[in-house]
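Subject: Structure handover

Hi,

Here is the structure for you to look over. My notes follow below it.

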Amino acid sequence: MRRAVKVGKLIIGGNAPVSVQSMTNTKTSNVEETIFQIKRLEEAGCDVVRVAVQDEEDAKAIRKIRERINIPLIADIQFDHRLAILSIENGADKIRINPGNMRKDRLKEVVAVAKEKGVPIRVGVNVGSLRKRTSERWKDLAESALEEVRLLESLEFYDIVVSVKSSDVLETIKANEYIAEKVDYPIHLGVTEAGVAETAIVKSSIAIGYLLLKGIGDTIRISISGDPVREVVVGRKILIALGLREGPEVIACPTCGRSEIDVEKLAAMVEENLFHIKKRVKIAVMGCVVNGIGEGKDSDIGVAGLKDGAVIFVKGKVKERVPKEKIIDRLKFYIDRYLEEVD
Ligand code: SF4
């Protein structure tokens, strides 16, 4: 089992559930905008949020932000050890640094403050920060992350989370498998610079899904360019699909010429309405009754299109026929009833 690290009220590692994290893309010193974005991330199911600290103003803003959010906050510092210390002093629950970028005496100062305040440190590398490159880049990545771990250990600091990230799926997998064998610190998983939209989602789902199924990974971040809320939504969906988190799962048929309803629109509406639910419930949205009821049988509640409306079925049994304009209302009724029953 991995060691457990405490990040504010959240546990990463040990027996704790895998947590979803994201990073704001606002200027951290813009407190209002940053808080607004974090609130949206919280609503989407984010467990822990990271902010970039580039100057003193950013570090000082952490105190104000921390007071008004409900999830732990991580300060991300690239080079300046004074900013790392200032971030901790202003209430950061964890810091992410690159010890290789700091002189050892300066790192020592950071570690002393982190120890005193009980603040863990994430270390790790991604391809961009690699100093040594051989033909086995995944190993270079893993080895340089381990070097950073050893640096902290040499200062008797063990409250560590480690990460190795690449934009390449196979490199990410190999490097993480390697460090999982070498150390027992919690592992932060992510595919870095994964790209936009579908590309990022595909890469992250493969690498992170594969590693999580092997029991590797304690916290995840899905990197997608753009609104970070999407990262959280995808992260949660990956965990739900792997059975690592309770939540709604909407299955929908791919549609074909038999489809009688707008499956895509309806499924999207159902997902949007149910996303906040933290219970396991499977809802099927199927285009027709010809195959829909059979194919949606393993769902808890389903809807299948008819020429003049739809049927709603529960555990594969048809409950009622509804006209098109009532589909959403009646579906909601059955979902609410189901959720009350499982409560
Ligand atoms: S459920 Fe009906 S509409 Fe959907 S793919 Fe199957 S046959 Fe086509």
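**Salt bridges**

The count comes to 24 salt bridges, taking a salt bridge as a side-chain nitrogen of Lys or Arg within 4 Å of a carboxyl oxygen of Asp or Glu. One of them joins the side chains of Asp-55 and Lys-27, at 3.4 Å from N to O. That pair links distant parts of the chain, 28 residues apart. Asp-55 sits in the loop between β4 (48–52) and α2 (56–67). Lys-27 sits in the loop between β3 (19–23) and α1 (31–44). Helices (H or I, at least four residues) and strands (E, at least two) are DSSP runs, numbered from the N terminus.

Some ground rules. This is a predicted model, where local features need pLDDT of at least 70, side-chain atom pairs count only at pLDDT 80 or more, and totals for chains, interfaces and linings use all residues. Residues are numbered from 1 along each chain as its sequence is written, and side-chain values use heavy atoms, with hydrogens and water left out.

**Two domains**

The protein chain splits into domain 1 (4–241) and domain 2 (248–342); the bounds come from an automatic or database domain assignment. Their C-alpha centres lie 38 Å apart. Five residues of domain 1 contact five of domain 2 (heavy atoms within 4.5 Å). Together the domains bury about 520 Å², 57% of it on carbon and sulfur atoms. Buried area here is the accessible area (1.4 Å probe) that two parts lose on being put together, summed over both. Arg-236, Lys-237 and Ile-240 supply 77% of the area that domain 1 buries against domain 2, more than any other three residues.

One salt bridge is counted between the domains. The side chains of Lys-237 and Glu-271 meet in a salt bridge at 2.8 Å, N to O. On the domain 1 side, helix α8 (residues 228–241) gives the most to the face touching domain 2, with four residues. By class, that side has three nonpolar, no polar and two charged residues. Nonpolar means Ala, Val, Leu, Ile, Met, Phe, Trp, Tyr, Cys and Pro; charged means Asp, Glu, Lys and Arg; the others, Gly among them, are polar.

Best wishes
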